[in-house]
Amino acid sequence: MISHLRLKTTKNLSPSINMQVDDNGFEFVVINHKNFDATFSLHGAHLIHFQIKQQAPLIYLSKSTPYNHSKAIRGGVPICWPWFGNTEESKSKNLPSHGFARISQWILSAVNEYETGVDLEFTLTATAETKAIWNHDFSLTLKASLSDHIELSLVTDNTSNEDFTYGGALHTYLHVADSGRCSVEGLAASYKDSLDNGKRKNSDQILNINGSVDSIYDANEQKIVVNDESNQRKIVINNKGNDSVVVWNPWIEIAKKFVDLPDDGYKTMLCVESAITAKQGVLVKSGCSHTLKTVIK
Ligand code: TA6
């Protein structure tokens, strides 16, 4: 829900889409389509709200998250790029967790509205600031298609003269009625447990959420099904271009450590992420591109 945000319209882009800002000039793209409502922030090209009319929100957003350009918004679908989590290099240089894309100001580069939905494109290109952190020329495009489902494609274009590798994630925070009454099917048979030094473990056929979980599953071709039991719905996720699927819920004790997450926030969120977590990342040759995608219904 974003009703707690006090926004005012600055520009109408199409019948259902307008630009809005908060009291600090933080910019949002707000979509009020006849079938659904959605909101992106230009900060991070960050989908922070998606709700089909007469249904519960599909995306979780923390009511405690700040909206400022130095921090990532907690919730929504953060774009983690060009690395996942913290790498040896990012830690040694005290660089932001999950890369800089989600704390950068993107440009809304295309808007298209039609009977059943909307298509939006956001772009981020290399600057002196980004090259000081990650010394490559690139063009990053988020292609969002919203209708009765969410389709997000993150296209990495290598516009430099040399090859590069990248990691990251479409770090989706699903909204669920009660995470303790959720289960996840379709995950790979093996995962690395980030709560146990990344130890590789065999997984159960069905993952029941009943405590802190931070697991990196190998990607497989299967669809992932989240049984959001208390909402009496199943959320279906299909990913492409990922090498892993990350499932995260901080649960009670870890949630308390996040100032931008209410202490009970863990109850109504569950992260299921389309991710590239392999140490070597994905190679994008000079002049080529790679797409990381997630479809959520
Ligand atoms: O995707 C899971 C994870 O890497 C967790 O380990 C936790 O750190 C989470 O992301 C949130 O990271 P953030 O940098 O957004 O606080």
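Helix 1 supplies four residues to the lining of the largest pocket, the largest share of that lining. Helices (H or I, at least four residues) and strands (E, at least two) are DSSP runs numbered from the N terminus. The model is predicted: local features need pLDDT of at least 70 and side-chain atom pairs count only at pLDDT 80 or more, while totals for chains, interfaces and linings use all residues. Residues are numbered from 1 along each chain as its sequence is written, and side-chain values use heavy atoms, with hydrogens and water left out.

**The largest pocket**

A pocket is an open set of points on a 1 Å grid over the protein atoms alone, where a 1.4 Å probe fits, with protein on both sides within 12 Å along at least five of seven lines; lining residues have an atom within 4 Å of a point. The largest pocket holds about 1,400 Å³ of space, a volume being the space filled by probe spheres set on the points, which are joined across faces, edges and corners. It is lined by 49 residues, of which Phe84, Gly85, Asn86, Ser97 and His98 are the closest to its centre. Elements giving at least two residues each to this lining are helix 1 (88-92), strand 11 (164-166), strand 18 (213-218), strand 21 (244-249) and strand 22 (269-276).

**The ligand**

The ligand sits in the largest pocket, as more than half of its atoms lie within 2 Å of the grid points. Its surroundings are Arg74, Phe84, Ser97, His98, Arg102, His171, Asp214, Val246, Trp248, Phe258 and Glu273, where a residue is near if one of its heavy atoms lies within 4 Å.

| Side chain | Distance to a ligand oxygen atom |
|---|---|
| Serine 97 | 3.0 Å |
| Histidine 98 | 3.1 Å |
| Aspartate 214 | 2.6 Å |

The protein covers 80% of the 390 Å² of accessible area that the ligand has on its own, by the Shrake-Rupley method with a 1.4 Å probe.

**Residue classes and the second largest pocket**

Ala, Val, Leu, Ile, Met, Phe, Trp, Tyr, Cys and Pro count as nonpolar, Asp, Glu, Lys and Arg as charged, and the others, Gly among them, as polar. The shell around the ligand has four nonpolar, three polar and four charged residues. In the lining of the largest pocket there are 22 nonpolar, 16 polar and 11 charged residues.

The second largest pocket has a volume of about 190 Å³. Strand 8 (117-125) and helix 2 (128-133) give two or more residues to its lining.

Note on methods. Polar contact = N/O pair within 3.5 Å; in protein donor to acceptor, adjacent residues only side chain to side chain.
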